[in-house]
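Here's a quick briefing to read with the structure open beside you. Have a look at the aromatic rings and at one helix in particular.

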Amino acid sequence: MKASAFRRFGGPEVLEYMDLPTPEPRAGHVVVKVLACGVNRLEHYLREGSVLPSIKMPHVLGSDAAGEIAAVGAGVAGFKPGDRVVPMPGYTLDPNDMHTPLSAAPSYAIGGIVNWGTYAEYVEVPAKWVLHDDLGLEPEEVATLPMALVTAVRSVKVVGQVGAGQTVLIHAGASGTGTMNIQLARALGARVATTVQGDAQAKLAGSLGAELVVDVQRRDFVKEVIDWTGGSGVDTTIDNLGGDVLQKSIDATRVSGTIVAMGFVAGVEVRFHVRIFFFTHKRLLGTLMGDVADLEWGLQQVKAGRIRPLLDRVLPLSDAAEAHRLISSNAVNGNLVLKP
């Protein structure tokens, strides 16, 4: 099969379009023919070597895919060749390792980190972690959904407990994660403020229902959010940035409010004023990905039209290096997809 893979850590140029063995389905597994695969920022960090420094090479990245069943292993029921499917973007490698949340299990792994991922013509996945795709969308649209959607449901709905009438601050409102978080919060009936960089991003975030859109290149989002909420701060902040932004996220959140940490685009190390933090009874919660039920619920919202895929562009699988250049330079509004 053809795949975009890398033999050493480095910049986008280390991604090569190469021939690799086509997987065969083991017992309890299926082989999915990848019709389209999504590109996530996490894969940029994996390629650099800043997340896991000991990956067996060559390695195929990718957690998101829309595909169809190509072959089923022994003991698999409920799937047949030709069925349209969506694999979970992360799951436990030990079939007996079950936790709630799933991503807290010791053997949990995001696709394309330990096992080969979806930047390929075919990928093997345990059948228990594959969902039927009845969305009626093009594969390129479906491939934008899994990681961003399951993570948004978990961070906004389950951990953040966002509900109707609440105010929510969402960062990077034009990114794949940000656009999904905005749509999820709006689907739950919340009012949304978001941060962006530039007019194009502002327009996209506003089109998704964000009431307050703050261009951080021009304005102080903490002041804008405090003013927008009449001086109190938002009920919940969904922080996918980390780094130096986290303190500002805390500052923009009301007394007894919640900050959900679910990313580190701005840096993995953070500093915040702990005395002010606990004097104001705020909560800082962490979350990673989500469970099957989270993805199923999210897909139902997509099917109902409450959430829509946001596809920035489609590139051929052979152009994975260019896709990573675009992702790493923040040149993507929405989601980027590769097509074998």
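Predicted model: local features only at pLDDT ≥ 70, side-chain atom pairs only at ≥ 80, totals over all residues.

**Aromatic pairs**

- F6 and F9 make a tilted pair, because their planes sit at 45 degrees, between the 30 and 60 degree cut-offs; the ring centres are 5.9 Å apart.
- F6 has 0% relative accessibility, so F6 counts as buried.
- F9 comes in at 25% relative accessibility, so F9 counts as partly exposed.
- F278 and F279 go edge-to-face, with 65 degrees between the planes and 5.3 Å from centre to centre.
- At 47% relative accessibility F278 counts as partly exposed, while F279, at 53%, counts as exposed.

**Charges over rings**

- F279 turns up again here: the charged end of R275 sits over its ring, 5.5 Å from the centre.
- W297 has a charge over its ring too, with the charged end of K157 4.9 Å from the ring centre.

**Helix α10**

- Helix α10 spans residues 320–328, and its buried residues are A320, A321, A323, H324, L326 and I327.
- Residues three or four places apart in an α-helix point the same way, because there are 3.6 residues a turn.
- The cover over the buried residues of α10 includes the strands β1 (2–6), β2 (15–19), β3 (29–39), β17 (311–316) and β18 (335–339), along with helix α1 (41–48).
- Just after α10, N330 takes a positive phi of about 60 degrees.

Note on methods: Residues numbered from 1 in each chain as written. Heavy atoms only, no water. Phe/Tyr/Trp six-rings, centres within 6.5 Å; stacked < 30°, edge-to-face > 60°. Buried < 20%, exposed > 50% of the residue type's maximum accessible area, 1.4 Å probe, protein only. Lys NZ or Arg CZ within 6 Å of the ring centre and 35° of its normal. Helix = DSSP H or I, 4+ residues; strand = E, 2+ residues; numbered from the N terminus. Contact = heavy atoms within 4.5 Å.
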